[in-house]
Amino acid sequence: MIKRYILVIFLFFSSNLFAQQYRWNLTAGGGIEWSIGKHTAKHLDHVEMSGRQVSVIVTYGIDSLRHAVIHKSVIFPMLRIIPNDTRGNLQRDFKQPITQVMINGRAVTESPVAFSFNGILHMVSTAGEGITIEHNIFPSFDKAAVIEQCIISNKGKQPVDISVPKWDHKDTTDATKGVYGAYVLENKLYGAGKAKLLPGGKYTYSVIISGYKVCEQAYHYSANYEYLKRMDFLKELNHELVLKTPDDTLNAMFNFSKIRASESIYDTKNGLMHSPGGGSYYAAIWANDEAEYVNPFFPFLGNGAGNESAINAFRLFAGYMNKDFKPIPSSIIAEGTGFWAGAGDRGDQAMIAYGASRFALAYGDVSEAEKLWPLINWCFEYLEKKKTLDGVIASDADELEGRFPAGKVNLSTNVLAYGAMISASHLATALGKNEVALDLKQRATKLKVAIGKYFGGNVQGFNTYKYYEGGTKLRSWIGLPLVMGILDRKQETLKALYSPFLWTKEGMLTESGSDTYWDRALLYALRGSFYAGATDSTLKYLKYYSGKRLLGEHVPYAIEAWPEGDQRQLSAESGLYCRCITEGLFGLQPTGFNSFSITPYLPKGWNEMELEHVKAFNSDFTIRVLRDEKGGEKIIIKESTGKIKTYSFNNKIPVDITL
């Protein structure tokens, strides 16, 4: 009776779920645009953009008078402040305007007509008398600076007098509060002057916010050169790992996710370090965000900086291995010079072993894999010492660090450990460690049985998983077993995940009955649902989610959480979105340095889908999936050498592919 009542509620809920109107629209060039009409009400949003030395969170939109709002929060990850802890980044807020442009002696007030975004925030506004002003806002690719290009255009019929006042403001910080002494923050306008702007004429200037150590000299910036470097970075990503499906929104969301996943990499004194961002987390790595979430994705994208940042992350974690088997810290912070372990062991060793094994296989470099093996093996030894009499693995917490109860033994740590054993067994085979590979497979089999016995149970009417012993509420992380191919409770787990207990119009709740949602759990659930073969039902939710995040009220990336963090756009979540496609929809699972299995369940209504320029396994290849005349699928693998192989997929048994 309870399930029937739930089903009635769910059917009513889902009938209204997938119909939504969006604020933003896709553009022909692959970007998104918000057109502001005469009756558009006040609306503000924020977006994060990053470069090697800086990150900026731009709050933008229109106020109640329909005037432009631009507010920049600029973070300098390598200008460290005291205390030099996780959040020890120099950060300042800057509100527009810093200077007042004059037209015919009148101070300009801008009224936006459109915002667009393609990795660069673009605003077009009107200022009266036929004047249009365009703004391009973006971080420098490799310098500690945020650029705002401005172009004033006279689209009227009469000449106008333009005046852009000179501005160069410097602020020197307290030397006693900086790890490297005093820092200079400069807010400078380039291109000040006066001009008579004829009809059709243009006047350009730029506003550049930069930061540097007081012992360094100020740098003279060229906004146009910085723009070209940012565009080169975006163009490169546009040509790597390209998704082509009949759904333009999914294609665009995937492309945007590549940007956010790849841009948040910082050039620290300990090498390139991928970091979450969000106004807090820079020049630092985490066992979940980096090791588990985004590092295994970078080989597929083939982004050189991404792969290098992954290698650095595992190298830094390996530096904390010890003979006493004390846990590796959850986070290595402050350019690699310190660590944070405030929540104890969150299952970090399982996260690291899983991520390192997957990365090593997909990266396809024997030498790097050999370097990673001691770290992976140490993590397994640690996990073995944490086994309980029930055959499951204890940990102090999970990645939510006490925000929600996790008991002494939680599902996440154990399923990640299982997934790590499976991937590491493939890695061991590839390295010629056949006995080790067999042992890992046997341990994985035993752990899978123990997981079923310990966590399996009826929760709120569903025969799925308890998150911890005594847990009586559904948790979003019950999707993790599906990701790792544990399908014993597939049907009931799928029902639970997409029931009103967990799925809401805003996101997937962390725990039923709460109002908190974290996108990372939702993205794992979607990936696992695809991998479990529930393609058509899962696609509806992925399309809904993608439309909301890409074109809705807060765009264009996956978010961390709500209400915590004000839906900040942490970078690794975008990596997880991409893995919904590569490992979920296409079902890619690394099995060797040049081999993988694939289960590409083609959705109904789609005749084909494609991933171009997959860079994993030390190769460059395209995967094309087509319907065949018998109701099955054809998988066509085309390598950059021109070699083409065709495989048949019967929608059941994974296809093993060797490049």
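This is a predicted model: local features need pLDDT of at least 70, side-chain atom pairs count only at pLDDT 80 or more; totals for chains, interfaces and linings use all residues.

Residues are numbered from 1 along each chain as its sequence is written, and side-chain values use heavy atoms, with hydrogens and water left out.

**Exercise 1.** Find what span helix H6 reaches, and how many of its residues are buried.

*Solution.* Helices (H or I, at least four residues) and strands (E, at least two) are DSSP runs, numbered from the N terminus. H6 covers residues 304–318, 15 residues in total. From first C-alpha to last, H6 reaches 21 Å, close to the 21 Å expected at 1.5 Å a residue (the expected span is 1.5 Å times one less than the number of residues). Next, count burial (buried is under 20% relative accessible area, exposed over 50%, partly exposed in between, with a 1.4 Å probe and protein chains only). In H6, 11 of the 15 residues are buried, so the helix is largely enclosed by the rest of the structure. Among them are Asn-307, Ile-311, Phe-314 and Phe-317.

**Exercise 2.** Work out which polar partners the side chain of Asn-89 has.

*Solution.* Start with the location: Asn-89 lies in strand E6 (residues 89–95). Its relative accessibility is 4%, so Asn-89 counts as buried. Now look for polar contacts (N or O atoms within 3.5 Å; within protein, one must be able to donate a hydrogen and the other to accept it, and residues adjacent in sequence count only if both atoms are side-chain atoms). The side chain of Asn-89 makes one with the side chain of Arg-80 at 2.7 Å. It also reaches the backbone oxygen of Ser-280 at 3.3 Å.

**Exercise 3.** Classify the ring pair of Phe-359 and Tyr-363.

*Solution.* Rings of Phe, Tyr and Trp (its six-membered ring) pair if their centres lie within 6.5 Å; planes under 30 degrees apart count as stacked, over 60 as edge-to-face and the rest as tilted. The whole structure holds 30 aromatic pairs. For Phe-359 and Tyr-363 the centres are 5.1 Å apart and the planes are at 15°, so this pair is stacked. The two residues are 4 apart in helix H7 (residues 348–363), about one helical turn. Phe-359 is buried at 1% relative accessibility, whereas Tyr-363 is partly exposed at 23%.
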